[in-house]
There are 2 protein chains.
Amino acid sequence: MATEEPRSVTIHDVANLAGVAVSSVSRALSSHPDVSPAMKAKVLAAAAELGYSPDPGAQSLRSGFTRTVGFVVRDFANPFFGEIIHGVEEALNDAGYTLLVTNSSGDPLREVDRLSLLRQRRVDALLVSSISEASTRTSKAVASFNRPVVLIDRDPRKMKVASILLDHAAGVREATDDLLRLGHRRIAMITGSSAIRPTRERMRGYTEALDAAGVAVDEELMASGAFSSSFARETTERLLALPRGERPTAIIAGGVVTTIGVLEAFTELGQRLGADVSLVVCDDLPWLRVMRPRISVVTRDAEEMGRQAAALALEMIKGAEPRSVTLPTAYEVRETSLPPAE
Amino acid sequence: MATEEPRSVTIHDVANLAGVAVSSVSRALSSHPDVSPAMKAKVLAAAAELGYSPDPGAQSLRSGFTRTVGFVVRDFANPFFGEIIHGVEEALNDAGYTLLVTNSSGDPLREVDRLSLLRQRRVDALLVSSISEASTRTSKAVASFNRPVVLIDRDPRKMKVASILLDHAAGVREATDDLLRLGHRRIAMITGSSAIRPTRERMRGYTEALDAAGVAVDEELMASGAFSSSFARETTERLLALPRGERPTAIIAGGVVTTIGVLEAFTELGQRLGADVSLVVCDDLPWLRVMRPRISVVTRDAEEMGRQAAALALEMIKGAEPRSVTLPTAYEVRETSLPPAE
């Protein structure tokens, strides 16, 4: 960090040093898509060398756009968001846009604050993975954003926003069907907050499969609460402590953090995955590749979610109307979907 | 997304609706630290209701500060960054600052571009987890940032920047000592790019322990390359295919992504963790809690790294000189540090 202000460097100095036209410098520095990587490298190197930084005010006033997209994430610590963000980044980068991410950490007040910040920063579009669809403040902040908004796996309701939706119900229905076919009648569904669509859709897939098989839904076996590993661990421990006949013989875990908690309970209680209690988890992650036995999973393509969300934002920036895109989920049988042990 | 511009709402409208003074609205919306959560909630709710957004230009010109801190991350998909970011966010939030994160995805050109963007966006301070300390372009962009910069586990060299450093060497030295004490003489060290400090420090701890024990360093067993699971998987497969006597009897995996690749190779080759080949990994993560056997690990506190990095940035914003803070690592013996099998 230099303590004094740098001497005034102009765009002409950068063009001279890079040996290119001033207009090329301007295009390269504003991340214009029609700039070759080689040209961009040359200009960035010269700008870095001279410590040149264009005037952002002038630049965004000229175009009306900042070539940035904002993303308010619910929980950075969830590795699933890392994959979504990676997909968003790649698609935006190809189009010459940059992503700015900010975290609401599950705090509704902070969420509204972050939305307001990104609006002030004049991002060209906004991606939101909100904490709760029931929050009036968040809905109002989203509805009044005045730039394209894409909801990530959230119900758009009556808002004029785009959305990337996952067909969670289909994958969970398939998983429940398979467990029923194997002979399970007491299947627990443990998941996070029902204030967001993924949880509700997973519960819908679960109850639809039970209904279709004529198996009554036992409220005790359907636990939604917090997206936290401790909620999932305690719920699993409670359910597995039930007397024989009431105890679930199979568990479906809805979400990454839930999965960690359910697995903690299995190890703590010395329950063998599959052999003692069947298990299906939602969302495939790298570390599931190295665990044995291999856990059955309802998969979705997180990177593709990110890419499609970015594509929706970009088409709206160009004037398209908001629309919803639904991506599939799929049940993948591995080694923990077995007939009931008792 | 509304398609027409909203009618002009002023700060007075917000103050009226919230029933507070205009100065309170101003303080609440600029995330001033001396605002109670209740006041902030009231103001944000009123602003959201009216669709009010303060003029960011005027606001930042007035104070000279934007109350935002930027963070350029090397790889969002690495869950370890999620934990660091969580720590940064918490500390910044307590101080009334907001974090904006952007990803370089391991691309040096993109890294310089992101640094330039955050500079244009006039963040009050910058956190950087750079791809390579050898990149002249990145160093120049950092040195000319003109606002406080904190490097995350990178060597500050001669730059006038702060840094959070981890004592990786100590933890890896302890781990290597323990494996030597158990009788291992052929210990492999598999890690990522040596263009960044963590890798070099891990290699230093490893070689220092071998030197102290009078065991010659075998270059073939010391593999640094890419921070990718495929590099780690292929290296592990190659090493475990060596004839008896050349084959390592223990492996130290340096980093999260490396760990995934090493574990993939173990499962593919049917090698039992600990029983066939001892294993120590660097960085403890939630999913290591649920794997059996429990893998020995060199731990560090990622959230604390984040909190301390934010604290350095905040003290520099207030005028403090840049300094370096070093945090410890520790070797934690679990179930995969065993005597050599052959």
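Buried, as used in this tour, means under 20% relative accessible area, with exposed over 50% and partly exposed in between (1.4 Å probe, protein chains only). The model is predicted, so local features need pLDDT of at least 70 and side-chain atom pairs count only at pLDDT 80 or more, while totals for chains, interfaces and linings use all residues. Residues are numbered from 1 along each chain as its sequence is written, chains are lettered from A and ligands numbered from 1 in the order in which they are written, and side-chain values use heavy atoms, leaving out hydrogens and water.

Start by selecting both chains: a rotation of 180° with 0.1 Å of shift along its axis superposes chain B on chain A with an RMSD of 0.1 Å (least squares on the C-alpha atoms of residues with pLDDT of at least 70 in both). The two copies are thus related as by a two-fold rotation axis.

Next, select W287(A) and W287(B), both of which are buried. They belong to the one aromatic pair that the structure holds over all chains, and because their ring centres are 6.3 Å apart and their planes at 5°, the pair is stacked (rings of Phe, Tyr and Trp, the last by its six-membered ring, pair with centres within 6.5 Å; planes under 30 degrees apart count as stacked, over 60 as edge-to-face and the rest as tilted).

Finally, select R74(A), which lies over the face of F227(A) at 4.8 Å from the ring centre, and then R74(B), which lies over the face of F227(B) at 4.7 Å (CZ of Arg or NZ of Lys within 6 Å of the ring centre and within 35 degrees of the ring normal).
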